[in-house]
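Visitor: Please give me a close look at a single part of this structure, and spell out the cut-offs behind each term.

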Amino acid sequence: MASTQNQQDGTIASFEGKRIWVTGHRGMLGSAMVRSLAGEGAELLLTTREEVDLCNQAAVYAWMEANRPELVFHIGAKVGGIHANATLPADFVRENLLIQCNVIDGAYRSGVQKLVFVASNCTYPSLAPQPIAEDALLTGPLDANIRSYAVSKIAGIEMCSAYRRQYGCNFVAVIPPNLYGPGDNYHPQHSHVVAGILRRAHEAKMQGADEFVVWGDGTPRRELLHVDDLADAMKYVMRAPTTHDLYNVGCGHDLAISELASIIADVVGFKGRIVYDASKPNGTMRKLLDSSRIRALGWVPKVDERLGLRSAYQDFMQILEDPARRARIGD
Ligand code: GDP
């Protein structure tokens, strides 16, 4: 078979026949990545935590040596919303540093052709100029609520860049905004903002309550991206020449948490009041990404926000009807 990769510039002409490892394939983004790769003719390599514990260096190296993935979408990580980050900082920094060292170094050792690593918008300084361009990384202090997670993800971005500089590896990182979509984590405390608000709006509606609570004061702004759009963008970056080692992947606009709460109330069909719990952290006030670098590759987001939120709500309702999935969201 003709080579589908140009070692020089890192382009991947096709995923056809490629052995592709998607780490974290049971999570929200990992499962979107698997959906997105279906029909590309790739040989997907998927490992559960029971099969390969990504925190275990010996297990990761042995599995990679035996299975020789050619491309890696490195998605597996310990993730959670602002409350989970504030209460479990040691778990976040430890697990993510271990996983990244094992997967990224393992990719170098086993000769992976290209790796795309997903980082986070919390890696940028909390007072970065808006919209935030990639070169704002490491230019200022981080939000204290999510610092441990952010430092671990910054280390992952730096590993991709360092392995490229020292060893010529085609390792690239992407930074998404706040993600939402099917397969989200709806845990009452540990979820991200869209899932948290969806759940409380739904519960208020079902209980006939006249209000539901939104954390913080409603003024922070967040940029949202549907998880299917991020999976699509990661394929774009995987295919593209490795001209840059970091790409922001945003939809290009943000909205206040209060606006988001109103839209979600509308999607859920909750007619009462929205109240704010200012004892909960606001976190970073704004983190709109400048995504012109990936736009220059030709990538554009496709999922309309309202339609995306409607489908996320339908997914949440399906979870409630499935006892096994329901147990996983702490219900
Ligand atoms: P962040 O973008 O990294 O801060 O992560 P989150 O997805 O957890 O979003 C946090 C922002 O949403 C903060 O401004 C919170 O005050 C606000 N927020 C409002 N309600 C909720 C909720 O139910 N869950 C979460 N996680 N955040 C909420």
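**Arg222 and its surroundings**

Guide: Arg222 is in contact (heavy atoms within 4.5 Å) with Asn178, Asp254, Leu255, Ile257, Asn282, Gly283, Thr284, Met285, Arg286 and Lys287, leaving aside its neighbours within four places in sequence. The model is a predicted one, where local features need pLDDT of at least 70, side-chain atom pairs count only at pLDDT 80 or more, and totals for chains, interfaces and linings use all residues. Residues are numbered from 1 along each chain as its sequence is written, and side-chain values use heavy atoms, with hydrogens and water left out.

Arg222 is found in strand 8; strands (E, at least two residues) and helices (H or I, at least four) are DSSP runs numbered from the N terminus. Arg222 counts as buried because its relative accessibility is 8%, where buried means under 20% relative accessible area, exposed over 50%, and partly exposed in between (1.4 Å probe, protein chains only). UniProt, in an unreviewed entry, places the feature "binding site" at Arg200, Trp215 and Arg222. Its positions are given in the numbering used here, with feature names shortened, and annotations may be inferred rather than shown by experiment.

Next, the ligand itself. Of the 18 residues around the ligand, Ser191, Arg200, Arg222, Pro281 and Asn282 come nearest; a residue is taken as near when one of its heavy atoms lies within 4 Å. By class, this shell holds 8 nonpolar, 7 polar and 3 charged residues. Here Ala, Val, Leu, Ile, Met, Phe, Trp, Tyr, Cys and Pro count as nonpolar, Asp, Glu, Lys and Arg as charged, and the others, Gly among them, as polar. Helix 6 (193-207) and strand 7 (211-215) each supply at least two residues of the shell, and helix 6 gives the most, with 4 residues.

Side chains that come up to oxygen atoms of the ligand include those of Asn178, Arg200 and Arg222. A polar side-chain atom of Arg200 lies 2.6 Å from a ligand oxygen. For Arg222, the distance from a polar side-chain atom to an oxygen atom of the ligand is 2.7 Å, and for Asn178 it is 2.9 Å. The protein covers 97% of the 550 Å² of accessible area that the ligand has on its own. Accessible areas come from the Shrake-Rupley method with a 1.4 Å probe; for residues, only the protein chains shown count as cover.

Arg200 lies in helix 6. Apart from neighbours within four places in sequence, Arg200 is in contact with Pro188, Phe212, Val213, Val214 and Trp215. Trp215 is itself one of the positions that UniProt lists under "binding site".

Asn178 belongs to strand 6 (residues 178-180) and is buried, because its relative accessible area is 13%. Besides reaching the ligand, Asn178 has a side chain joined to that of Asn121 by a polar contact of 3.2 Å. A polar contact is a pair of N or O atoms within 3.5 Å; within protein, one must be able to donate a hydrogen and the other to accept it, and residues adjacent in sequence count only if both atoms are side-chain atoms. Not counting residues up to four places away in sequence, Asn178 touches Asn121, Val193, Arg222, Glu223, Leu224, Leu225 and Lys287.

Glu223 is buried, because its relative accessible area is 1%. Two backbone nitrogens approach polar atoms of the Glu223 side chain: that of Cys251, at 2.8 Å, and that of Gly252, at 2.8 Å. Residues that Glu223 touches, beyond four places away in sequence, include Pro177, Asn178, His253, Asp254 and Lys287. Glu223 and Val34 are 189 residues apart in sequence, with 24 Å from C-alpha to C-alpha.

One further annotation can be set beside the site. UniProt places the feature "active site" at Tyr149, again in an unreviewed entry. Tyr149 lies in helix 5 (residues 147-167) and is buried, because its relative accessible area is 9%. Leaving out residues up to four places away in sequence, Tyr149 touches Lys78, Val79, Asn85, Phe92, Asn96, Ser120 and Cys122.
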